[in-house]
Amino acid sequence: MELKVKDFDDYQKTYDDSVKNPEEFWEGIAETFFWKKKWTNVLSWDFDKPDIKWFENGKVNISENCLDRHIYNNGDKPAIIWEPNDPSEAARILSYKQLLEKVEQFANVLKNNGVRKGDRVCIYLPMVPELPIAILACARIGAIHSVVFGGFSAQSISDRINDAQCSLVITADGGFRGSKVIELKSIVDDALVTCDSVEKVIVLTRARIGVSMIKGRDVWWEDEIHKVESQGNPVCPAEEMDAEDTLFILYTSGSTGKPKGVVHTTGGYMVYTGYTFSNVFQYNPEEIFFCTADIGWITGHSYIVYGPLSQGATSVMFEGVPTWPDAGRMWDIVEKHKVNILYTAPTAIRSLMAAGDEYVDGKDLSSITKLGSVGEPINEEAWNWYNEKVGKGKAPIVDTWWQTENGGILISPIAGVTPTKPGYAMLPLPGVQPVLVDEKGKVLEGNGVSGNLCIKFPWPGMLRTTWGDHERCRQTYFSTYKGMYFTGDGCLRDEDGHYRITGRVDDVLNVSGHRIGTAELENAINMHSDVVESAIVGYPHPVKGQGIYAFVILDNVHHDEDLTRKDINATVSRIIGAIAKPDIIQFVPDLPKTRSGKIMRRILRKIVEGDLGSIGDVSTLLDPSIVEEIKDGAAKMK
Ligand code: 6R9
């Protein structure tokens, strides 16, 4: 079966078929992959439990689909083009053949260090080729990877390691990001103080900074590779995995509690990421694809590693940040590696746009034929700039909406096939059945309606559970609206039936495309010894999309406010990571609460949005006068 639709008529026909006969549709897609043994049943599902199985009893290994199956015809084709942080360092290109070799070697290293099928491995690496190598090596031997983004703190790492009971950690001495060196191994050392499950740590040399290596626990990546080489056994056969065996865990924030481990399984995730990669980007074999995400997030998992590689594509990965050494870096990379498809986030577009056109004008972007956006709603101004300055009005923009829990893109234009409109994700991909519901759960039929976005039928890439806590998965995603997966996003379906995602309807912020749970952040702030209570809300931020606004009640002791702000930020950096630091901290004598003690975040949101006219009735508050006081304080913060 052809994965790419040919034109809009073909899309409509394919979509209709996929809804009428979903099993037949997905079976046709799945058949384009390499299975060690075919499935006996395409799909069984029950959203109430939830219990979802795709390609039951099928046997498969995703690393074989990403590597071995391309070797015969395309062994010398670049699989990964790696662009270092420092533009004066040489880029590295790994062909499919070379990548397979390195993955097999490292898979043997993992085995030598006691890792077996089903074991959990935590990966805390910078954006270097060894990161996808480590991921694919885990997949090759059936170990479950849990990648933790390099910006998270020691505390966040240890929470994740303990939740998944990881037995091994893969890290580096340090990593480069712009002008900074991140001391990854030292952060891991702090994390491991409270992690009893970890037996081994493999440390890659990258930054060449001093690290403490603990005898019996810590080993060097390079030494372990030498050992494998001297053992003289370069190959590592791919483990036979069941389609529903867990491939990886990725932690994500929600509206309550600590981040949860979203579980993706092997067969469905493979089929879904491969299919959506080929179809949405209309990938042609010679094209160079550059996704600027970090592999620590789902976008990197699905569209730097698994999606492109399962389709035999060339995937560019970049170690650094788009604004270093200057705001022209991304365009330099496009020019240098002749990137055809660029997939990035609105926050990056806005920051490069704000830096000034002089950084993009004059760069040779003629290789670009298609553009993508992901992670947050894209505003019209950024969309237009992206379209004109980067795509020169000729490259279709796919505004792809999806989530960690979805595995891959759900609602998006198909490049060059679906018409586009700034700010619109447009139409569901084949196999995806979105519905809008009102607060009470009534399905909103027809066009010109807004509501909460749900999906009423399974797709292969969806999460199966949350690690170690299935009830939490049910509660979070499948209990709000019976028989449906609830996304947590609000959405408009306009008069033409086109979808526009309007943002989260729960207490989750989207800061520079990163999900931040307000409850988790409040808990972190409340850990600071001077803090009595806090409330977090998002506010419109010109570059980040949403900024973090913290209202904080301090104890009665006299404080130096500026110093206390720094202390609170330091606390947040330690508990969660620097990405969760509030942009604005306003000290308040109290918070607007109902008589039952519930914080009225709606009122705080109106205040920070400057929407003072529509605060509404405050007479039911415990202390209505506090609203005025907070308003006055907020006016002074700007
Ligand atoms: C892939 C990814 C998911 C949340 C999601 C939504 C927001 C993502 C979007 C978008 C508008 C888009 N989001 N893509 N909003 N338009 N094209 O970002 O996953 O980190 O789990 O975030 O991001 O609010 O619910 P994740």
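Biologist: In the open sheet of four strands, what is the strand order, and is the pairing parallel or antiparallel?

Modeller: The model is predicted, so local features are given only at pLDDT of at least 70 and side-chain atom pairs only at pLDDT 80 or more, while totals for chains, interfaces and linings use all residues. Residues are numbered from 1 along each chain as its sequence is written, and side-chain values use heavy atoms, with hydrogens and water left out.

The open sheet has four strands in the order 21-22-24-25, and their pairing is antiparallel. Strands here are DSSP runs of E with at least two residues, helices are runs of H or I with at least four, and both are numbered from the N terminus. Two strands pair if DSSP finds at least two bridges between them. Strand 21 (434-437) and strand 25 (499-504) are the edges; each has a single partner strand, so one side of each is left without a neighbour in the sheet. The twist from one strand to the next averages 45 degrees, with axes fitted as lines to C-alpha atoms (for helices over the stretch in contact) and angles running from 0 to 180 degrees between N-to-C directions.

The ligand is the next topic. It is surrounded by 17 residues, the closest being D399, T400, T404, D489 and R515; a residue counts as near if one of its heavy atoms lies within 4 Å. Several N or O pairs can be listed, where a polar contact is a pair of N or O atoms within 3.5 Å; within protein, one must be able to donate a hydrogen and the other to accept it, and residues adjacent in sequence count only if both atoms are side-chain atoms. A polar side-chain atom of R504 is 2.8 Å from an oxygen atom of the ligand. The side chain of N510 has an N or O atom 3.3 Å from a ligand oxygen. P377 contributes a backbone N or O atom, 3.4 Å from a nitrogen atom of the ligand.

Other strands pair as follows. Strand 28 (residues 531-541) and strand 29 pair antiparallel over 10 bridges, with I536 and A550 as bridge partners, and a hairpin of three residues joins strand 28 to strand 29. Strand 29 also pairs with strand 30 (residues 584-587), in the parallel sense and over four bridges; there F551 stands opposite Q586. Eight of the 10 residues of strand 29 (residues 545-554) are buried, so this strand is largely enclosed by the rest of the structure. Buried means under 20% relative accessible area, exposed over 50%, and partly exposed in between, with a 1.4 Å probe and protein chains only.

Strand 1 (residues 41-46) and strand 2 (residues 51-56) run antiparallel and are joined by five bridges. They form a hairpin with four residues between them, and N41 stands opposite E56.

K370 belongs to strand 19 (residues 370-374) and counts as buried at 8% relative accessibility. A polar atom of its side chain lies 3.0 Å from the backbone oxygen of F281. Leaving aside neighbours within four places in sequence, the residues in contact with K370 include F281, Q282, E287 and N340, contact meaning heavy atoms within 4.5 Å. Q282 is itself buried, at 13% relative accessible area, and has a positive phi near 45 degrees.

The largest nonpolar core has 162 residues, and F106 and Y306 have the most contacts inside it. Such a core is a set of buried Ala, Val, Leu, Ile, Met, Phe, Trp, Tyr and Cys residues joined through side-chain atoms within 4.5 Å. Helix 5 (residues 130-141) supplies the largest share of this core, nine residues. Apart from this core lies another, of 27 residues, with F318, L352, M353 and L371 among them.
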